[in-house]
Amino acid sequence: MAFLELDGLSRSFRGQRAVDGLSLTLERGEVLALLGPSGSGKTTTLRLLAGFESPDVGRVVLEGRDVTALAPVARRFGMVFQHYALFPHLDVGANVAFGLESRGVRGAELARRVAEALALVDLAGFERRTVANLSGGQQQRVALARALAPEPSVLLLDEPLSNLDPALRERTRRELRALVHRLGITAVVVTHEQEDAFDLGDRIALLRQGRLEQLGTADELYAAPATAFVAAFIGRASEIPARTLSDRAAQVDAFTWPIRWGGPGPATAGAAARLLARPEGLRLTDPAPDRLAGTVTDRRFTGAVAYFSVATASGLELEVAAPPGAAREGDAVGIEPTGVGLHLYPADR
Amino acid sequence: MTSARRAGWWGWLLAAALAWIVAYPLVLVLVDGLRGSEGWTLDEVRRFASRRSEWQALWASLWLSTASVVLAGAIGVPLAFLFERVDFPGRKPLGVLVALPAVLPPLVGVVAFLFLYGETGFAGRLVQVLFHLEDPPWRLAGPGAILLVHAYSMYVYFYLFCRAALSRLDGAMLEAASALGAGRWRTLVHVILPHLRPAVAGAALLTFMTSLASFSAPYIFGGGYRVMTTQIVFTRLNGDDRLAMVETTALMLLALGAMALFRRADPGGSLAGVGKGTAPALARAGSARARASIAAAAWLLATVLLLPHLTLLLVSFVPVGTWTTEPWPPAFSPGNYAALFAEPERLRPLVNSLWMATAATVAAVAVALAAGSLVVRRRVPARRLIEGLLGLPWAVPGTVFAIALAALFSVHSPLTLRTVLVGTAWILPLAYLIRNLPVTGRAILAGFRQLDPALEEAAAALGAGRARTFRRVVLPALAPALAAGATLAFVTALGDFVTSIMLYTYDTRPISLEILGSLRQGDVGVAAAYGVLLMIASAAVFALGARGEARA
């Protein structure tokens with residue numbers, strides 16, 4: 001039996017479907033990342049889970065018990081808010097104690113558990129600090145300690161890293177990941193950054209317009225994107241208009257490339273298609289009459305590889321990964337498929 | 001029933017209660033003016049229209065209010081520029097002092113002016129002695145005197161509003177203007193003044209409405225010169241209640257019309273900078289001599305503005321009956337203050353005002369809290385109605401409300417929701433409460449709007465119920481708004497004169513009525529002592545409020 005189940009959740013605001021028939025399950029101790037562009041319904045999903053919104057239809061089931069009708073107070077879910085929502089008039093200790101007091105914890109027990117929760121997030125001894133005098137990273141950790149202190153059954157995190165600057169963000173993400181795995185807590189993380197989702201989520205649910213586009217591990221989403229949207233959203237990809245020839249070949253520009261048809265349905269020879277090509281799915285070669293040819297318009301150096309922008313005579317803009325010395329701006333080059341990282345979809349999807 | 005439905009019902013209930021005490025009395029005024037012993041009639045309206053004095057009073061109200069706006073603006077706006085944009089020694093403390101007329105309740109300010117510039121005031125006596133005159137050199141009476149008091153007490157609106165707007169001015173915007181080749185004048189006209197427009201419009205509206213409702217100054221200085229507020233009171237004193245109702249309606253319509261006109265002329269909208277901005281650099285007066293002369297002028301000005309306060313303080317130490325024709329009081333003693341607290345009859349008004357203001361403030365805060373959570377948080381269907389009713393008393397002069405409440409609560413008729421409260425101890429706190437609803441409501445609703453809803457959600461997620469969330473999270477987070485709303489309400493109620501004079505009884509007489517009584521008996525020292533207490537209470541409460549806001 002799944003530990004936490006979202007069963008056919010839908011929620012509309014003023015006729016607009018924010019979440020549309022969403023079903024998901026989580027095992028105990030699993031961390032799920034809800035990923036998607038803004039407006040994809042990920043925050044609404046989290047709020048439905050927390051009980052701040054009620055679904056129009058659908059259920060939230062925790063350990064076989066339907067909790068859909070329960071108020072947030074009764075769910076015992078911990079939540080870390082996007083802007084932390086720390087109580088500004090209470091000090092760090094009182095913030096962390098707040099949830100424990102709600103559950104009737106008092107006296108020495110209270111002090112002990114507050115200290116424990118703060119120690120978890122490396123803020124031991126911070127009890128009497130005022131919230132306003134903490135750095136952004138420290139505030140984030142206090143919010144985490146506050147959510148964890150009452151030992152919730154599920155931890156919900158709404159864009160927990162979005163308020164941190166890039167350097168701090170990466171460190172905090174690693175710490176958060178280590179902590180969540182150490183505690184073995186079941187968690188749902190909302191984020192619009194794929195790096196966050198890759199790092200934090202055991203599995204990733206990619207949402208689009210309130211619907212589940214694909215559910216899987218980061219590797220699965222990258223290597224086998226179910227739709228063109230997934231392929232474009234996860235990682236980098238150049239989009240190229242193409243034509244299906246068979247279930248193992250497609251026409252790109254005037255050339256035939258060996259590409260496996262990914263579905264849905266059987267390949268229709270001659271049908272218009274969209275090719276999403278990862279930078280590593282293309283290779284730079286010398287120009288030749290039987291190859292797609294173009295001119296290097298830009299080179300972005302990143303270290304071991306560089307990304308080359310190539311414009312073809314037919315008007316395509318492609319991005320190709322290659323060793324930094326492979327070409328220079330203005331060079332005429334040929335382009336070949338490498339055999340991996342090419343994904344073909346029907347043109348209307 | 002779902003919680004949203006339940007909240008909706010509470011919303012309608014609150015709206016109904018507000019309608020009963022805010023809108024219903026005004027309707028009654030309208031109806032009473034149109035009803036004679038034989039049913040509906042326009043007789044009183046015709047009588048009103050045929051009397052020259054009514055038209056004169058209406059006109060007087062209108063032009064005095066307009067002139068007050070012009071005069072107060074002419075003083076307040078330049079002062080705002082001086083203290084916000086020019087650097088000179090003593091800028092900060094003087095900038096605070098200049099706002100001090102705000103801590104004088106209207107009647108106290110009028111009394112202070114009387115002691116200072118009245119025919120037997122310090123200034124008059126000084127001139128009389130200096131020039132060996134037989135008679136006092138002038139009489140402080142008529143429209144000029146009223147205008148003087150208005151300008152003195154109301155330029156503060158322009159000063160404070162414009163200073164706030166100027167302090168929000170983005171320095172980079174001024175630098176951009178000068179980088180684009182705009183000179184000082186062009187920058188002023190095309191950059192700074194448009195930025196000030198909302199502040200000036202706000203202050204002008206406030207000044208106009210306050211002048212229109214002004215009662216203390218016309219009552220004390222008007223003599224035979226009547227404005228609508230005093231006209232109503234005198235008509236009523238003559239026992240002509242139904243004509244008073246028509247007059248009240250006329251004043252109400254004038255106020256609502258003026259308000260609508262202002263709204264049309266300035267639909268609002270702040271020009272607050274779009275960027276983060278930098279603080280504008282202060283202009284430094286060129287030479288040391290220029291700086292010194294600006295400082296000297298500012299100090300002189302502050303002294304002039306403070307003279308009424310000092311006069312009040314001085315007169316409060318003059319023993320009863322010792323000061324007759326001398327230019328300077330011959331004797332000083334703290335006797336007046338001792339009497340205030342020693343004699344039960346003198347202490348009574350203090351106690352009355354304190355408990356009535358406290359009760360009205362607590363009630364206003366409670367209503368505003370309920371309104372805030374229903375309107376902002378629960379977004380009940382009645383939210384617009386509730387907000388409108390909360391703000392309505394602001395647009396209606398105090399005299400109108402006093403008459404209206406007297407009409408509603410002088411008849412026992414449960415079927416029409418009327419009962420007798422006039423003559424009891426409840427009518428004044430109720431009147432203060434209604435007068436306070438706009439300021440308290442606005443402050444606390446604004447507080448609710450700034451309150452991050454995530455705070456309440458966080459509390460809920462942490463297992464705190466409604467009551468605990470409210471007590472531990474909402475109330476503390478609202479503290480600054482509560483402080484601001486409550487202090488303003490308390491100070492206004494404590495010094496209220498305009499509604500009190502219509503609704504008080506001897507047993508419930510507030511401080512303002514005792515000041516008036518003492519003046520009539522010639523006990524200037526006692527009147528001044530009460531005035532000083534009111535002044536100190538106001539100043540203390542403002543300081544407390546400012547501290548509360550600063551802490552937040």
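**Contacts between and within chains**

I began with the two chains: 15 residues of chain B are in contact with 19 residues of chain A, where contact asks for C-beta atoms, placed from the backbone, within 7 Å. I noted that this is a predicted model, in which local features need pLDDT of at least 70, side-chain atom pairs count only at pLDDT 80 or more, and totals for chains, interfaces and linings use all residues. Residues are numbered from 1 along each chain as its sequence is written, while chains are lettered from A and ligands numbered from 1 in the order in which they are written.

Next I asked which elements of chain B give two or more residues to the side that touches chain A. They are helix 19 (453–461) and helix 20 (466–495) of chain B; helices are DSSP runs (H or I, at least four residues), numbered from the N terminus. Helix 19 of chain B gives the most, with six residues. By class, I found ten nonpolar, two polar and three charged residues on this side of chain B. Here Ala, Val, Leu, Ile, Met, Phe, Trp, Tyr, Cys and Pro count as nonpolar, Asp, Glu, Lys and Arg as charged, and the others, Gly among them, as polar.

Then I turned to the inside of chain B, which is divided into domain 1 (49–273 + 282–310) and domain 2 (344–552), with bounds from an automatic or database domain assignment. In chain B, 25 residues of domain 1 are in contact with 23 residues of domain 2. On the side of domain 1 of chain B that touches domain 2 of chain B, helix 12 of chain B supplies the largest share, seven residues. That side of domain 1 has 21 nonpolar, four polar and no charged residues.
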